[in-house]
Structure formats: C-alpha cells, structure tokens
Amino acid sequence: MSERRWFGLRAGASNWLWIALVVIVLDQWTKYLITDTYELYGGITLLPTLDIIRLHNEGAAFSFLSRAAGWQRWLFTGLGLVVSAAILVWLRRLPSEGRNLLAAGLSLVLGGALGNVIDRVLWGHVIDFIRVHYDPWSFDFPAFNVADSAITVGACLLILENLLELGRGHRAPSGGA
C-alpha cells in the first residue's frame with residue numbers, strides 16, 4: 001500500500017480545497033469593492049428589504065463581544081485558525097471519493113473562516129455589507145458578508161450530511177431473518 005502525501009490533490013478529500021480558495025477570493029474581492037466604494041455606514045438600497053452597507057464588526061456572529069476591549073480580535077482570529085487547521089486535517093483524512101457533501105461543506109466553512117480571519121488580522125474587524133430587513137415588522141437581520149454566507153451554507157451541508165448518514169444507519173437490514 002502506498003502512503004498518501006499530506007499535501008496534494010490526492011491527499012484524502014483535499015481536492016475540494018478549491019472551493020475554500022474561491023470563497024476566500026470572492027470574499028476579499030467583494031470587501032475590497034465595498035471599502036473602495038463606500039465610507040463606513042455608507043451604501044445603497046437594492047430592494048425594499050435589501051441594502052448594501054459598509055459595516056465593521058469587531059465581534060463574532062451577531063456582533064457577539066463587539067464591545068469588548070479589543071482582546072476579542074485575537075480570540076476570534078485564533079479560533080478561526082484552530083478551526084481551519086482542524087478542517088484541513090479532517091479533509092486530509094476523508095476518503096477522496098464518496099463523502100462529497102461533507103467535503104464541500106467543510107471546504108465552504110474553511111473558506112469562510114479564513115476570509116474573516118484575513119479581515120481580523122489586516123483591519124481588526126470583519127467587513128460586513130449585506131443587510132436584510134423588513135421594516136413593517138421591525139425585522140433587521142445582522143449584516144453579513146460572503147464568508148459568513150459560505151459558513152452558513154457549509155454548516156447546512158454538514159447538517160444534511162449528518163441527517164443522510166443517520167438515515168443510512170437506521171435502515172432495516174435487507175434479506176431474511
């Protein structure tokens with residue numbers, strides 16, 4: 001049996017890493033466009049329920065710990081790097097075929113995590129710019145970005161993979177008694 005190399009397109013499910021790279025590039029490109037076009041809190045309304053607005057989030061999801069004294073920048077940077085390293089190991093250990101949903105979900109989460117880590121390292125905050133709201137109900141969803149969207153879709157794929165795996169595990173055995 002030949003030993004698989006740690007890095008390489010045939011190293012486990014590492015061939016799915018292109019998804020993470022695409023997410024990082026799209027995330028950083030859209031954030032560049034936003035920061036180049038709008039001042040902080042500036043933006044445009046695209047639809048009655050959708051705004052593009054430049055916001056800075058020094059916390060985590062839903063601005064958790066955004067008002068802390070600054071230590072949260074390094075906490076969330078470190079957390080993002082640890083999660084990213086764990087995902088890389090997980091992808092490496094996955095079989096190269098047969099776990100596509102899991103590999104795609106992990107790659108989306110990886111790209112999103114690294115996209116936001118890049119922001120924290122460079123700027124000390126994450127640049128958010130998509131704002132969904134519905135004024136008659138006073139509904140205002142927290143602003144987000146491409147990286148956040150990739151993490152959300154990736155997490156949904158991971159949940160779906162688990163549900164499908166659970167379903168496969170509970171099937172009645174076929175054949176006689």
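So, four helices and four strands: that's the inventory for this protein chain. Keep in mind that we're looking at a predicted model. If you walk along the sequence, the order goes α-β-β-α-α-β-β-α.

A few overall numbers, then. The chain has 177 residues, and 37% of them are buried. Its accessible surface is about 11200 Å², with carbon and sulfur atoms holding 66% of that. On contacts: take those with a separation of 6 or more, and 66% of them are between residues 24 or more positions apart.

Okay, on to helix packing. I'll start with α3, residues 100-123, and α4, residues 146-169. Their axes are 7 Å apart, and the packing angle is about 155°. Anything over 145 degrees counts as roughly antiparallel, so that's the label α3 gets relative to α4. As for handedness, the crossing of α3 past α4 is left-handed.

Who's touching whom here? On the α3 side we have L101, L102, A104, G105, L106, L108, V109, G112, A113 and N116. From α4 come A147, D148, A150, I151, V153, G154, A155, L157, L158, L160, E161 and L164. Sort the residues of that α3 and α4 contact by type and you get 16 nonpolar, four polar and two charged.

Now bring in α1, which covers 17-37. What does α1 do with α3? The two axes come within 8 Å and cross at roughly 35°, and this crossing is right-handed. α1 contributes L17, I19, A20, V23, I24, D27, Q28 and K31 to the contact. The α3 residues are A104, S107, L108, L110, G111, G112, L114, G115, N116, I118 and D119. By type, the α1 and α3 contact splits into 10 nonpolar, six polar and three charged.

α1 also meets α4: there the axes come within 8 Å, crossing at roughly 150°. V23, L26, D27, T30 and K31 are the α1 residues involved, and on α4 they meet V146, A147 and A150. That contact of α1 with α4 has five nonpolar residues, one polar and two charged.

While we're on α1, have a look at L21, which sits in that helix. Is L21 buried or exposed? It counts as exposed, because its relative accessibility is 54% and the cut-off is over 50%. In C-alpha terms, L21 is 9.0 Å from L110, and the two are 89 residues apart along the chain.

Last topic: backbone angles. Most residues other than glycine have a negative phi. Y41 isn't a glycine, yet its phi is positive, near 75°. Where is Y41? You'll find Y41 in the loop between α1 and β1, the strand at 43-47. With 60% relative accessibility, Y41 counts as exposed.

S138 is the other one, again not a glycine, with a positive phi of about 55°. Its loop runs between β3, residues 126-134, and β4, residues 139-140. S138 counts as exposed too, because its relative accessibility is 67%.

Quick recap before I hand over. α3 is roughly antiparallel to α4, and α3 crosses α1 in the right-handed sense. The positive phi values I picked out belong to Y41 and S138. Okay, over to you.

Note on methods:
Residues are numbered from 1 along each chain as its sequence is written. This is a predicted model: local features need pLDDT of at least 70, side-chain atom pairs count only at pLDDT 80 or more; totals for chains, interfaces and linings use all residues. Side-chain values use heavy atoms; hydrogens and water are left out. Axes are lines fitted to C-alpha atoms, for helices over the stretch in contact, and angles run from 0 to 180 degrees between N-to-C directions. Helices (H or I, at least four residues) and strands (E, at least two) are DSSP runs, numbered from the N terminus. Angles under 35 degrees count as roughly parallel, over 145 as roughly antiparallel, 65 to 115 as roughly perpendicular and the rest as oblique. A crossing is left-handed if the near helix is turned anticlockwise from the far one by less than a right angle, and right-handed if clockwise. Contact means heavy atoms within 4.5 Å. Ala, Val, Leu, Ile, Met, Phe, Trp, Tyr, Cys and Pro count as nonpolar, Asp, Glu, Lys and Arg as charged, and the others, Gly among them, as polar. Buried means under 20% relative accessible area, exposed over 50%, partly exposed in between (1.4 Å probe, protein chains only). Accessible areas come from the Shrake-Rupley method with a 1.4 Å probe; for residues, only the protein chains shown count as cover.
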